[in-house]
Amino acid sequence: ILAAVVACHVAVVCSGRIPGILTRGDDGGYIALGQALSHGSYRELWRADAPVHSQYPPGYPALLALWAAVAGPSQTARMVLSVLISVATLLVLHSAIRRRLGATIALASVIVLAINPFIVRYSGDVASEIPYTFLSVVCLYGLIRWEDERGHRGGTSAWLVIAIAAMLGAALTRTVGIALIAAVVLWLLLERRWRIAAIVSLAAAATFGVW
């Protein structure tokens, strides 16, 4: 059933995908910034004075640049990237919900999200919303797995590292990710994980804080 839901999601996204670069959004800017990063800078190439860009963090343009190096710079390749990330988001979220609320609620949640108009729209566009959502979900899933593992063995694990890396990646993809950083640090403090909370805060200051 899950495979069928994901297949339907892909079909809906592809049927309603954005056909090209439009003037209504930020897609052209993201693509240009990705091209700038591939040449070792982060400048607004569409302006005559080419100033250093300061509005959007470099996470998503960097992803576009890496993907272009692998799959090419076409609009179809960019759409494939968005669809793959969207599918991965649904699968990771399904696993996270299933671990806490059971298979039935997890499947029902994925069905609702698979046809959500906003998710469908952004999954077929050059936009940072879906990568940000994916990284946020991975952060949540990593914390869930770490909490389960901690109950058995204690200490830290690779899942905590994955959660922190995803948290930082999310913040460097969309600046609203600062709320995710605050939530993770607050949760660690409530769990009395003082040392880990301090490490996460320092890591966030050295990455997102520098940006």
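Modeller: Happy to! On the face turned away from its buried side, helix 10 carries the exposed residues Trp194, Arg195, Leu202 and Ala206. Please keep in mind that this is a predicted model.

Now turn to the buried residues of helix 10, which are Ile196, Ala197, Val200 and Ala204. These residues lie on the same side of helix 10, because they cover an arc of only 100 degrees around the axis. As for its dimensions, helix 10 runs over residues 194-206, 13 residues in total. From the first C-alpha to the last, helix 10 reaches 18 Å, close to the 18 Å expected at 1.5 Å a residue.

Let us step back into the loop that leads here. Arg192 sits between helix 9 (178-190) and helix 10. Its phi is near 60 degrees, a positive value in a residue other than glycine. For background, most residues other than glycine have a negative phi. Arg192 counts as exposed, because its relative accessibility is 63% and the cut-off for that label is over 50%.

Ala50 is not a glycine, yet it has a positive phi of about 45 degrees. You will find Ala50 in the loop between helix 2 (27-38) and helix 3 (59-71).

Val120 counts as buried, since its relative accessibility of 14% falls under the 20% limit. Leaving aside residues up to four places away in sequence, Val120 touches His9, Val12, Val13, Ala114 and Ile115. There is also Val83 to consider: Val120 and Val83 are 37 residues apart in sequence, and their C-alpha atoms are 9.2 Å apart in space.

Finally, a word on the cysteines. With a disulfide taken as two cysteine sulfur atoms within 2.5 Å, the count comes to zero. Cys14 is in no disulfide, and the nearest cysteine sulfur, that of Cys8, is 12 Å away. In terms of accessibility, Cys14 is partly exposed, with a relative accessible area of 33%, while Cys139 is buried, with a relative accessible area of 2%.

To return to the helix you asked about, I would view it with its two sets of residues in mind: Ile196, Ala197, Val200 and Ala204 are buried, and Trp194, Arg195, Leu202 and Ala206 are exposed on the face turned away from that buried side.

Technical notes: Residues numbered from 1 in each chain as written. Predicted model: local features only at pLDDT ≥ 70, side-chain atom pairs only at ≥ 80, totals over all residues. Heavy atoms only, no water. Buried < 20%, exposed > 50% of the residue type's maximum accessible area, 1.4 Å probe, protein only. Helix = DSSP H or I, 4+ residues; strand = E, 2+ residues; numbered from the N terminus. Expected span 1.5 Å × (residues − 1). Arc of directions from axis to C-beta. Contact = heavy atoms within 4.5 Å.
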